Structure formats: C-alpha cells, structure tokens
Amino acid sequence: MNPPYKRKGSGKTTGVYGIDIARNEIECTLEDICKAASKLLMPNGRFCICQRPERFGEVIFEMKRAGIEPKQIRNVVNKAGDKPMLVLVSGIKGGNCSTEMLPDLILKTNDDSDSEEVKEIYKSIIVDTADVAADACQKYICNQLGIENIGDYSEKVFLRSLRNHKKLRNRQIP
C-alpha cells in the first residue's frame, strides 16, 4: 500500500483534495491503514507498505499493534550509495518474530538509466494496485459505516457519517 506520507498538518497542500489526501493524513492515518489491513487479511496474509524513512518506526509500531509482524524491510535509493528515499516493509498477519533486511533497491545506474532490477520489476507488473487499494479502502469504510456501497450515500451524508465515526472512534470509554 502507498499511504499518505505526511502526518496531518506537516505536509504541503495543493488545494486539490484528491492530491492532498494522497499525500497527507487528512482522511486516514497510518494507524487506520494498518488496522484496515489487519481486518482484511486472512491469517498469514501479507501486507506491504511503502513509506518515507523518517516514518519507519511508526510503520513498524502500527503494524505490530495491528497484529501484522514485519518480515522484510528494504530501502529504496535513487543511486547506489544514496540515502533512502523510501522504505518498503512487508509483513504477515499473525507471523512470528523474525525480520530480514534486504539489499537496497537501486532505481538508477550512474548514467541515469533504470537499473536491471527495476527493468525486471516493470516486466512483471500485472495488477493495477491503485484499484486494489481503492477497493480495500471502500470495503473498510463501508464496513465502518455499516453501509453496503458508498454509492448508496450522497457525498454530504457520507462525509457527515465519516466525521461522526471519527468522533466516536476518538471518544474515551470509561
């Protein structure tokens, strides 16, 4: 999953709602994403996430809190020797405690062409992950709001329900 990278209030906004919610935690948090993944995964199901390196600790914490054990970690770098620009984390729902650090995924060679590994990855892409993620998010939201289909709600009613749900979720239980 490619979640919003920036904590609410810490990232730049464009004023374009779709772009802003993709980049910033406006509609969901890292905690929400890990909880949703845990609910959707079967036991031993795999969850993969990419995030900025500065949020790596949060990714591990939220995955473990949701019952997803991190299994593989891989830094993504532009060129060999560069600082990581992304970290990829793969976990198993209900997995045991053993984590493997994989070699860096190097995107470019010194002459700025795609690395051999990147070329190989692009050859094997067959799933539109954006559609898969959108479907998973829609199922989670419908489940949380107790509705069958987001299309059954008007945008105004849906947003009001979502705000009410967030207020209930944040309420302290005695």
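**Cores, burial and salt bridges in a predicted model**

The protein chain has six helices and five strands, where helices (H or I, at least four residues) and strands (E, at least two) are DSSP runs numbered from the N terminus. This is a predicted model, in which local features need pLDDT of at least 70, side-chain atom pairs count only at pLDDT 80 or more, and totals for chains, interfaces and linings use all residues. Residues are numbered from 1 along each chain as its sequence is written, and side-chain values use heavy atoms, with hydrogens and water left out.

User: Why is Ser90 called buried?

Analyst: Let's start with the cut-offs: buried means under 20% relative accessible area, exposed over 50%, and partly exposed in between (1.4 Å probe, protein chains only). Ser90 has 8% relative accessibility, so Ser90 counts as buried. Ser90 sits in strand β3. Leaving aside neighbours within four places in sequence, its contacts (heavy atoms within 4.5 Å) include Phe47, Met63 and Glu69.

User: How much of the chain is buried?

Analyst: Of the 174 residues, 29% count as buried.

User: What makes a group of residues a nonpolar core?

Analyst: A nonpolar core is a set of buried Ala, Val, Leu, Ile, Met, Phe, Trp, Tyr and Cys residues joined through side-chain atoms within 4.5 Å. The largest one here has 15 residues, and those with the most contacts inside it are Phe47, Ile49, Val59, Met63, Ile68 and Val89. At least two residues each come from α2 (30-40), β1 (46-51), α3 (56-65), β2 (68-77) and β3 (86-93). The most come from α2, which gives four. A second, separate core has six residues, including Val76, Leu86, Leu105 and Val118. In soluble globular proteins, nonpolar side chains tend to be buried together.

User: Which residues of α3 are buried, and what do the buried residues of this helix pack against?

Analyst: Val59, Ile60, Glu62 and Met63 are buried in α3. The buried residues of this helix pack against α2, β1, β2 and β3. Just after α3, Gly67 takes a positive phi of about 85 degrees.

User: How do you know that Glu69 and Lys64 form a salt bridge?

Analyst: The rule asks for a side-chain nitrogen of Lys or Arg within 4 Å of a carboxyl oxygen of Asp or Glu. In this pair the closest N and O atoms are 2.9 Å apart, which is within 4 Å, so the pair is a salt bridge. Glu69 has a relative accessible area of 10%, so Glu69 is buried. Lys64, at 40%, counts as partly exposed.

User: Why is the pair Lys119 and Glu116 called a salt bridge?

Analyst: Their closest N and O atoms are 3.4 Å apart; that is within 4 Å, so this pair is a salt bridge as well. Both residues lie in helix α4 (residues 116-124), three residues apart, about one turn of the helix. An α-helix has 3.6 residues a turn, so residues three or four places apart point the same way.

User: Is Glu116 buried or exposed?

Analyst: At 60% relative accessibility, Glu116 counts as exposed. Elsewhere, salt bridges that share partners join Glu31, Lys35, Glu62 and Arg65 into one network.

User: How many salt bridges does the whole structure have?

Analyst: A search of the whole structure finds 11. Another of these pairs Asp114 with Lys108, whose closest N and O atoms are 3.1 Å apart.
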